[in-house]
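Please keep the chain letters at hand while reading.

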Amino acid sequence: MDLALSDDQERLVSVLQTFFAKESPPDRVRDAEPLGFDPELWSKFAELGGPGIGPGAAVLDLELICEPFGAALAPLPLVDVLVCARLLEAAGADGADVLRAATGTPPLVATIALHPGVDGVVRRVPAGAVADIVVGLDGDELVAVTAPPDHRSPPNLGATPMADRSLRGSRRVLATGWRATELAARAADEWRILTAGALVGLAGAALDIGVAYAKSRHQFGVPIGSFQSIARDLADAATAVDGARLLAREAAWAADEAPADLAALASMAFLFAGRTAQQAAGTALHVHGGYGYMLEYDIQLYYRRAKAWTLAAGDPRRGVQHLADALFGPVEGAR
Amino acid sequence: MDFRLGPKSDAFRDEVRAFVAEHVDDDLLERANATGTMHDWDVHHALGSRGWIAAGWPVEYGCQGRDPYEMTALKDELRLAGVPQDGIGNTMIVANTLRHVGTEEQKRRFLPPALAGEYIFALGYSEPDSGSDVAAAKTRATRDGDEWVINGQKMFTTLAHEARYVFLLARTNVDVPKHKGLTMFIVPLDAPGVEIQPVHTLGGERTNITFYTDVRIPDTLRVGQVDGGWEVMTVALTFERGGTGLTEAHRLWQETVAWARATMRDGRPVIDDPLVRERLANTAIDNEIAKLFAYRVSWVAAEGGLPGVEGSMHKLWYAERLNAAASELLDMLADDGPLAPGAPGAPVDGLVEHTYRHAPVTTIYGGSSEVQRSIIAERGLGLPRSRR
């Protein structure tokens, strides 16, 4: 057992922390609203390696990248493009052209739809409003559709660039039948793990903001962090953040090292990271008192995204049923 | 990173499973439930003869020098089998303390038989007026030549009716701040003046109140310096927190899943019910995190560190989530849920009902949830000391 990061991983995390601190400070996050996409940040990310760092990388290393990304709330569809590039690579020769476009110079934004298409339409695609390429399941085919995005998303809680997209038109079939299902399932698991990483980063950053505020804000002549009911909520959130981080990293590690456990751990990591992000951001916001309700304070940026990023995968209680399928096998006769 | 305990631990786990298959049966578990005594001499002696009471101690103590990951495997498997092990837990707290602060004579006298499983210790910290504020103990020890005379009362002296000795915290000086006037003693429970009164609990476990009236013990049974009891307690508490293996909640989940797979309700397997699946899946998440917290404590120990905040997070999490799991799983059993162990038709042989009664104590003993949260807030997050 070894719960420490390697030297290379420490360096990787440190480089990304520096990158996001510089390129995605809260002002830039606010400026990128409501679309939730910063073209300049996308260019800088491309210079750093862009979506091409996805294929061939260890899932754990990608999860570690997503933690500082989430902590910075970076207006960049990082998880979606990494997972999509890996999916295109896994599709082999049929995905080669699309992969080249998605990892070229400059790269096109290629994203995945998390739910199968209905009548050729995939709904609420996480980066649908900014993606040049959308990969999704249309019937028993896994297809990649190339079409210019309209850079408009419906106003939404997390200011995420979500949009409905068509899977028909100029498209490439990447796989069919069980192979299509298998590729999509693997991509969905990886998306859950990397999003869990992003949510863990968000949760940790929100907690830090809440703790710093509780130390500096005085009421009744003492820092409010000395009140037990404040300290209690922060201690509970800190415990959940540690648990969520361990679980997200375990799931990411399992993706390469213990694939039999992947489906269950990916679901667990995603569900728990979502709950924890909401708990940490909600607690930190509350600790701010009335100031937490003001748009001027950054904590609201975390509070909104904690919920919105979680809902991208659907109703969390359905997510729990999905986890149950992984743990106990699907129910016979259920849809 | 590597989340596996490793081949050495896995190999030892197989040995422990074979031991469990040989020594643990339903009779043993029923005996523990019936008497409420969470200690079984047969298993204890068997563990002692294997050298597994202190399997992690070095070879110079006649032990096996098992590493923290092997110890985790041992604890996991005993827990999953439901082996009552309060006696081992208490004894190891005292043994670890003696190893670090005991005299050479005390080590020679107490450690070999305790580690061989010949007898067990009870812990005498809590009193009617002092629980979490353990340093407020009032039980008096007064010097009389080469002897000490002890008078007072201890609460929750669990296993006092089976133990040879109680590890007793007593006040030896009333003229100094409370932390500076305490001394630790090893008191024979068969000494004249010791009285043991049973206390029956919500979870069915038996504990005790112990009374001490002019109990005389030699100075050689003092552990640590006179008035240095708090330093000894600090060592002992380090070994009480944390725990490095799976918890009751893992066994609860495992047994409940097995029951749900094997049981039909309304013509379908219980495991097919979406409400059942939701509860079991949520408990699986909590348990995975409890496992990761426990294994992190082992990892910190294996790396030569002392788990502080990590131990508190583990204790807080497993205790709080065990309560949540027991409540959710009991709801899931609906009107069969209240059926107790032994009742005809009791689901999971009443284990969920029993756990629902047992779970509250886990947020109290070994450092209450409130104490753990204070440690996390102050040492982990650097928040100012709270008003207490």
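Predicted model: local features only at pLDDT ≥ 70, side-chain atom pairs only at ≥ 80, totals over all residues.

Residues are numbered from 1 along each chain as its sequence is written, and chains are lettered from A and ligands numbered from 1 in the order in which they are written.

Chain A contains 11 helices and 8 strands, where helices (H or I, at least four residues) and strands (E, at least two) are DSSP runs numbered from the N terminus. The C-alpha trace of chain A spans about 65 × 45 × 40 Å along its principal axes. For 335 residues a compact globule would have a radius of gyration near 20 Å, and the 20 Å of chain A therefore agrees with that expectation; the radius is taken over C-alpha atoms, and the globule rule is 2.2 Å times the number of residues to the power 0.38. Of the 335 residues of chain A, 56% count as buried, a residue being buried if 20 or more other C-beta atoms lie within 10 Å of its own, exposed if 12 or fewer, and partly exposed in between, with C-beta atoms placed from the backbone. Among contacts in chain A between residues at least 6 apart in sequence, 74% join residues at least 24 apart; two residues are in contact if their C-beta atoms, placed from the backbone, lie within 7 Å.

The largest nonpolar core holds 228 residues, such a core being a set of buried Ala, Val, Leu, Ile, Met, Phe, Trp, Tyr and Cys residues joined through C-beta atoms within 7 Å. The members that touch the most others are Val135(A), Leu202(A), Ala206(A), Leu234(A), Ala251(A), Met268(A) and Ala269(A). Helix α7 of chain A (residues 177–216) supplies the largest share of this core, with 21 residues. Leaving aside residues up to four places away in sequence, Val135(A) touches Cys84(A), Leu87(A), Leu88(A), Ala110(A), Ile112(A), Leu142(A), Ala144(A) and Leu174(A).

Between the chains, 37 residues of chain B are in contact with 38 residues of chain A. On the side of chain B that touches chain A, α9 (274–302), α10 (309–332) and α12 (369–380) of chain B each supply at least two residues, and the largest share, 15 residues, comes from α9(B). That side of chain B divides into 23 nonpolar, 4 polar and 10 charged residues, where Ala, Val, Leu, Ile, Met, Phe, Trp, Tyr, Cys and Pro count as nonpolar, Asp, Glu, Lys and Arg as charged, and the others, Gly among them, as polar.

The buried residues in α11(A) are Val320(A), His322(A), Leu323(A), Ala324(A) and Phe328(A). At 1.5 Å a residue, the 13 residues of α11(A) should span 18 Å, and the end C-alpha atoms are 18 Å apart, which agrees; the expected span is 1.5 Å times one less than the number of residues. After α11(A) comes Gly329(A), whose phi is positive, near 85°.

A cis peptide bond, with omega about 5°, joins Glu33(A) and Pro34(A), and Pro34(A) is found in the loop between α2 (26–31) and α3 (39–47) of chain A. Another cis peptide bond, with omega about -10°, joins Thr105(A) and Pro106(A), and Pro106(A) is placed in the loop between α6 (96–102) and β1 (110–112) of chain A. Arg124(A), in strand β2 (residues 121–125) of chain A, has a phi near 50°, a positive value in a residue other than glycine. Arg124(A) counts as buried because 20 C-beta neighbours lie inside 10 Å. In chain B, Val348(B) has a positive phi of about 50° although it is not a glycine, and Val348(B) lies in the loop between α10 and α11 (351–362) of chain B. Val348(B) counts as buried because it has 23 C-beta neighbours inside 10 Å.
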